[in-house]
Amino acid sequence: MTENRAYVQNLAQEYIKAGQPTAWFEQLYSQANHDSTAIPWADMKPNHNLIQWLDNQNIQGQGKYPALMQRQFWLLI
């Protein structure tokens with residue numbers, strides 16, 4: 001785990017314990033100040049936990065879009 005991911009996980013845990021489970025996003029993005037390297041999921045790489053789960057479930061999705069992403073895409077249009 002990178003130092004940045006560990007920081008984000010700790011930050012999220014602090015806010016969860018304080019009863020504000022989504023408030024840490026605001027702090028993270030504010031601290032990042034438009035620096036995408038400060039946002040772990042902005043590295044444009046798939047999450048290794050998701051990849052492992054997909055492999056374990058034998059999910060074959062090459063060339064397909066997840067239904068949720070398709071739905072959100074159409075909501076944006």
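This is a predicted model: local features need pLDDT of at least 70, side-chain atom pairs count only at pLDDT 80 or more; totals for chains, interfaces and linings use all residues.
## About the model

Local features need pLDDT of at least 70 and side-chain atom pairs count only at pLDDT 80 or more, while totals for chains, interfaces and linings use all residues. Residues are numbered from 1 along each chain as its sequence is written, and side-chain values use heavy atoms, with hydrogens and water left out.

## The overall fold

The protein chain has four helices and zero strands, in the order α-α-α-α from the N terminus. Helices (H or I, at least four residues) and strands (E, at least two) are DSSP runs, numbered from the N terminus.

Of the 77 residues in the protein chain, 13% are buried; buried means under 20% relative accessible area, exposed over 50%, and partly exposed in between (1.4 Å probe, protein chains only).

## Inside: the core

Which residues build the largest nonpolar core? Its nine members are Val8, Leu11, Ala12, Tyr15, Trp24, Leu28, Ala32, Ala38 and Ile39. Such a core is a set of buried Ala, Val, Leu, Ile, Met, Phe, Trp, Tyr and Cys residues joined through side-chain atoms within 4.5 Å. Helix H1 (3-17) and H2 each give two or more residues to this core, and H1 gives the most, with four.

Let's look at one core member. Beyond its neighbours within four places in sequence, Leu11 is in contact (heavy atoms within 4.5 Å) with Trp24, Gln27 and Leu28.

Trp41 sits in the loop between helix H2 (24-32) and helix H3 (48-56). Tryptophan 41 is partly exposed, because its relative accessible area is 37%.
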